[in-house]
Amino acid sequence: MGTILFASDLDNTLLFSHRHRQPGDRCVELLNGAEQGFFTQRTLDLLPQVVQRVQLLPVTTRSIEQYRRIQWPEETVPRWALTANGAVLLRDGVMDRDWYAQSREMVRAYQGELRRVLRFLSNRPEPSTVRSVEGMYVYAACPGPAEAERCRLGWDAGSPIRAVVSGRKVYFFPPGVDKGTALCRAAERFGPERVIAAGDSVIDVPMLRRADLALLPGPELLPLLPGARVCGPGQRFPDFVLETVLRQAAPGDT
């Protein structure tokens with residue numbers, strides 16, 4: 001079996017919020033002193049095996065600060081991570097300056113449009129929070145998915161900045177700031193023989209499409225990813241993901 005790069009979304013894929021907590025889950029993230037993020041016990045059991053057999057690469061829309069809040073179990077901390085939807089590469093928690101410089105060059109032509117997004121959002125009634133993430137993209141948190149969708153529909157459809165709704169947030173991404181582009185850049189950097197990717201939302205689709213094997217929590221995205229494997233009923237998605245990765249890493253498995 002050749003080297004495997006395991007590119008994984010975090011929130012609602014490996015990690016989940018207190019709203020989905022079940023007995024036995026362990027808190028691995030605090031926000032202002034409150035328990036925020038959790039791993040399942042099965043995830044905690046499997047992670048040490050996973051990081052020994054494949055290269056784990058978290059790929060997340062989180063900012064650097066948000067990513068650093070995660071308290072990975074000892075000996076499972078990923079050496080590399082992609083934050084800001086792939087625009088920032090961290091090595092041992094420190095920004096890779098060359099990667100970031102390349103990302104800045106990719107979005108240089110769209111800085112005016114990103115400022116226009118901020119002006120647009122300042123005049124909308126839906127957002128409760130608006131953030132620019134590492135100068136790479138903008139998101140607006142809304143009270144719910146319906147408000148986020150209304151906000152998306154109000155944006156200029158002719159703009160090169162793409163508006164994407166995931167849950168109660170609407171994200172505004174310039175060209176090149178997507179997980180598919182990030183995965184291609186990472187594959188060029190690390191040279192794996194195979195890529196496995198896991199994710200749960202439309203933001204993950206570009207990454208999942210470029211993987212040799214894509215893993216999904218349910219059938220909702222299957223029309224966009226007809227070859228993906230789907231978590232079965234009654235199984236928690238993080239556990240399904242890690243168990244599948246370990247089977248794929250076993251000699252002779254495919």
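## Helices α3 and α6

Let's start with a helix pair: helix α3 (residues 97–107) and helix α6 (residues 179–190) have axes that come within 13 Å and cross at roughly 145°. Axes here are lines fitted to C-alpha atoms, for helices over the stretch in contact, with angles running from 0 to 180 degrees between N-to-C directions. Helices (H or I, at least four residues) and strands (E, at least two) are DSSP runs numbered from the N terminus. This is a predicted model, where local features need pLDDT of at least 70, side-chain atom pairs count only at pLDDT 80 or more, and totals for chains, interfaces and linings use all residues. Residues are numbered from 1 along each chain as its sequence is written, and side-chain values use heavy atoms, leaving out hydrogens and water.

On the α3 side, W99, Q102, S103 and M106 meet T181, A182, R185, A186 and R189 of α6 (contact means heavy atoms within 4.5 Å).

## The open sheet

Over to the strands: 4 of them make an open sheet, ordered β9-β10-β12-β11 with antiparallel pairing (two strands pair if DSSP finds at least two bridges between them). β9 (129–133) and β11 (162–166) sit at the edges with a single partner strand each, so one side of each has no neighbour in the sheet. On average, neighbouring strands are turned by 20° against each other, direction ignored.

β11 is joined to antiparallel β12 (residues 169–173) by 5 bridges, and A163 stands opposite F172 in β12.

## A helix on the sheet

Helix α4 (residues 111–122) packs on this sheet, touching β9, β10 (137–141) and β12. The direction of α4 makes about 15° with that of β10.
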